[in-house]
Amino acid sequence: MPAPLPAIETFPPLRAWQRKALVEYLRRRDPDFTAVATPGAGKTTFALRIAAELLVDGTVDAVTVVAPTEHLKTQWSLAAARIGIQLDAAFRNADLHSSADFHGAVVTYAQVGMAPHVHKRRTLTRRTLVILDEIHHAGDSRSWGDGVKAAFEPAVRRLMLTGTPFRSDDNPIPFVTYERGGDGLLRSRADSVYGYSDALRDGVVRPVLFLAYSGETRWRTNAGDELAARLGEPMTQDLVAQAWRTALDPAGDWMPQVLRAADARLTVLRKAGMADAGGLVIASDQQNARSYAKLIEQVTGEKAAVVLSDDVGSSARIATFSASDQRWMVAVRMVSEGVDIPRLAVGVYATSASTPLYFAQAIGRFVRARRPGETASVFLPSVPHLLGLASEMEAERDHVLGKPKEQEGFDDDLLERAQRDDQASGELEKRFTALSATAELDQVIFDGASFGTAAQAGTPEEEEYLGLPGLLTADQVSLLLSKRQAEQLAAQRRRAATRTAEPVAAAAPAPPPMSAAQRRVALRRQLNALVAARHHRTGQPHGKIHAELRRLCGGPPSAQATIEQLEERIATVQTL
């Protein structure tokens with residue numbers, strides 16, 4: 001007997017964006033539909049509701065879900081079973097067909113790429129809805145894209161889902177519509193878009209605070225020269241890469257200090273009402289992941305769960321962690337995308353991977369809201385490229401074909417291979433040897449704005465930010481950060497006034513001129529104060545004011561802006 005049809009009336013209520021997108025889908029009845037929704041918004045529920053509607057009204061007889069990883073196959077199968085759709089997560093290419101007990105199967109992009117003819121035969125046999133989860137993965141390789149296109153061209157319906165910025169390469173994504181813009185470039189077009197800013201406004205996702213840590217780093221080159229640099233200072237890409245990797249070295253002081261701060265933040269969230277709040281460290285490779293787990297045990301006295309790769313046992317370890325109240329998990333690639341652990345609220349971005357796609361996937365693990373007021377905190381190195389990505393969390397990106405490419409971040413191709421293989425590359429280690437690194441809180445980024453002044457790790461100034469209440473609305477976060485920054489600046493002015501008023505036996509020497517780094521910090525504080533003042537006058541979010549200044553003046557986010565660009569924005573905001 002065929003599997004019984006799902007009961008639509010038993011489905012959980014849909015969110016507003018899901019209802020709107022469902023109405024649009026049912027109205028249009030097109031073969032292809034692309035939905036872009038921020039991580040945590042409920043893409044799985046939306047897709048399964050469409051599947052149920054099409055199964056019940058007879059449009060389709062079967063459902064095939066294509067997911068990026070083996071773990072997500074299990075996750076999709078369990079979610080579907082809860083609402084009466086039975087999907088075979090154990091289907092293998094050699095099986096050819098699923099049992100009659102199932103409405104369909106869940107497979108991976110790799111499975112389809114290896115044997116597209118198997119999946120084409122299954123698609124031809126029954127009228128099929130194909131759900132392509134995180135559709136950008138169909139562009140990971142030519143074989144995957146060609147396989148997906150060949151296998152599912154005969155499908156009656158195709159539903160494409162993605163929750164992150166589309167790809168930065170020129171591989172066209174199968175079944176996604178591209179339209180030519182005024183600049184002559186082809187851009188992907190989505191049929192439904194629900195971005196992070198929309199979800200934040202609706203309370204569907206958590207506000208994310210980025211705590212960026214700088215510090216002094218020292219390393220030795222393969223020529224024997226010892227170099228030192230301050231993480232976050234403007235410098236060449238090679239120096240940024242080496243300072244960044246030195247900071248992430250488990251043998252230095254930067255990682256233990258940042259992990260200690262992150263664990264303190266996790267404790268605050270647990271005491272504030274998120275009793276089961278969990279933390280995740282995202283590492284670059286297996287060796288560092290194991291070392292970070294040892295550091296966490298030294299810092300907290302508790303063992304961390306370690307998930308190293310997409311292999312047998314990983315899904316069980318993730319499920320066990322998700323259902324427990326264990327404090328920390330360390331992962332290499334397994335938890336970067338799609339994995340649902342709603343209690344994750346604190347993250348440490350301890351990887352050199354820096355594409356917008358990977359960064360958004362990683363941050364997406366922390367944004368799912370379970371109840372009003374929950375916040376997320378992500379600790380990251382104070383690297384200009386990462387700060388820019390953090391400042392542009394609300395930006396919506398399309399896939400653009402033919403656009404000139406700029407090298408972004410640090411060794412993205414090399415790191416992509418490291419993420420895929422879960423192994424460290426020996427090539428990087430040959431270039432230099434990390435010697436030491438220290439950490440200090442550089443700034444807090446929220447809603448596109450930067451707050452705070454530099455604070456050494458372990459000081460009361462750092463604790464003020466780590467101790468922010470755990471249950472806050474987005475508006476309350478902005479208000480508290482502005483207040484903390486104002487208090488810091490007032491304390492600095494009081495200390496300066498006290499020093500000026502003290503009698504001196506001889507004329508004090510003139511203060512040394514500020515370095516470029518000090519000037520940038522001072523100008524950034526001045527700009528943020530002016531933006532905060534405009535926010536209070538107009539009610540506009542900080543991020544929108546910063547975006548308008550960038551539109552008027554040009555240039556990158558303020559965390560990456562030059563002194564001249566900051567001065568121009570200060571002058572501009574004063575005229576608005």
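In this predicted model, helix α2 (residues 43-56) and helix α3 (residues 70-82) have axes that come within 10 Å and cross at roughly 55°. An axis here is a line fitted to C-alpha atoms, for helices over the stretch in contact, and the angle between N-to-C directions runs from 0 to 180 degrees. Helices (H or I, at least four residues) and strands (E, at least two) are DSSP runs, numbered from the N terminus. The helices α2 and α3 are therefore oblique to each other, given that angles under 35 degrees count as roughly parallel, over 145 as roughly antiparallel, 65 to 115 as roughly perpendicular and the rest as oblique. The crossing of α2 and α3 is right-handed; a crossing has this hand if the near helix is turned clockwise from the far one by less than a right angle, and is left-handed if anticlockwise. On the α2 side the contact is made by Thr44, Ala47 and Leu48, and on the α3 side by Trp76, Ala79 and Ala80, where contact means heavy atoms within 4.5 Å. These residues of α2 and α3 divide into 5 nonpolar, 1 polar and no charged. In this grouping Ala, Val, Leu, Ile, Met, Phe, Trp, Tyr, Cys and Pro count as nonpolar, Asp, Glu, Lys and Arg as charged, and the others, Gly among them, as polar.

Residues are numbered from 1 along each chain as its sequence is written. Because the model is predicted, local features need pLDDT of at least 70 and side-chain atom pairs count only at pLDDT 80 or more, while totals for chains, interfaces and linings use all residues, and side-chain values use heavy atoms, with hydrogens and water left out.

**Two further helix pairs**

Helix α9 (residues 254-272) and helix α10 (residues 286-300) also have axes that come within 10 Å, and these cross at roughly 55°. The pair α9 and α10 is therefore oblique, and α9 passes α10 in a right-handed crossing. In α9 the residues Met255, Pro256, Leu259, Arg260 and Asp263 meet Tyr292, Leu295, Ile296, Val299 and Thr300 of α10, and this contact divides into 7 nonpolar, 1 polar and 2 charged residues.

Helix α5 (residues 116-125) packs against helix α6 (residues 142-152) at an angle of about 25°, with their axes 7 Å apart. The helices α5 and α6 are therefore roughly parallel to each other, and the crossing in which α5 passes α6 is right-handed. Pro116, His119, Lys120 and Thr123 in α5 meet Gly147, Ala150, Ala151 and Phe152 in α6, a contact whose residues divide into 4 nonpolar, 3 polar and 1 charged.

**The chain as a whole**

The chain holds 20 helices and 21 strands. Of its 576 residues, 54% are buried, where buried means under 20% relative accessible area, exposed over 50%, and partly exposed in between (1.4 Å probe, protein chains only). Among contacts in the chain with a separation of 6 or more, 74% are accounted for by residues 24 or more positions apart.

**Single residues**

The table lists the relative accessible area of several residues.

| Residue | Relative accessible area | Class |
|---|---|---|
| Alanine 100 | 47% | partly exposed |
| Arginine 206 | 0% | buried |
| Leucine 357 | 17% | buried |
| Arginine 29 | 33% | partly exposed |
| Phenylalanine 175 | 11% | buried |

Alanine 100 lies in the loop between β3 (87-88) and β4 (104-108), and its C-alpha atom is separated by 10.0 Å from that of glutamine 86, which is 14 residues apart from it along the chain. Arginine 206 is found in the loop between α7 (196-202) and β10 (208-221), and the side chain of arginine 206 reaches the backbone oxygen of proline 342 at 2.8 Å.

The backbone angle phi draws attention to two further residues. Most residues other than glycine have a negative phi. Arginine 29, however, has a phi near 55°, a positive value in a residue other than glycine, and it is placed in the loop between α1 (16-28) and β1 (32-37). Phenylalanine 175 has a phi near 70°, also a positive value in a residue other than glycine, and phenylalanine 175 lies in the loop between β6 (157-162) and β7 (177-180).

Conventions: A polar contact is a pair of N or O atoms within 3.5 Å; within protein, one must be able to donate a hydrogen and the other to accept it, and residues adjacent in sequence count only if both atoms are side-chain atoms.
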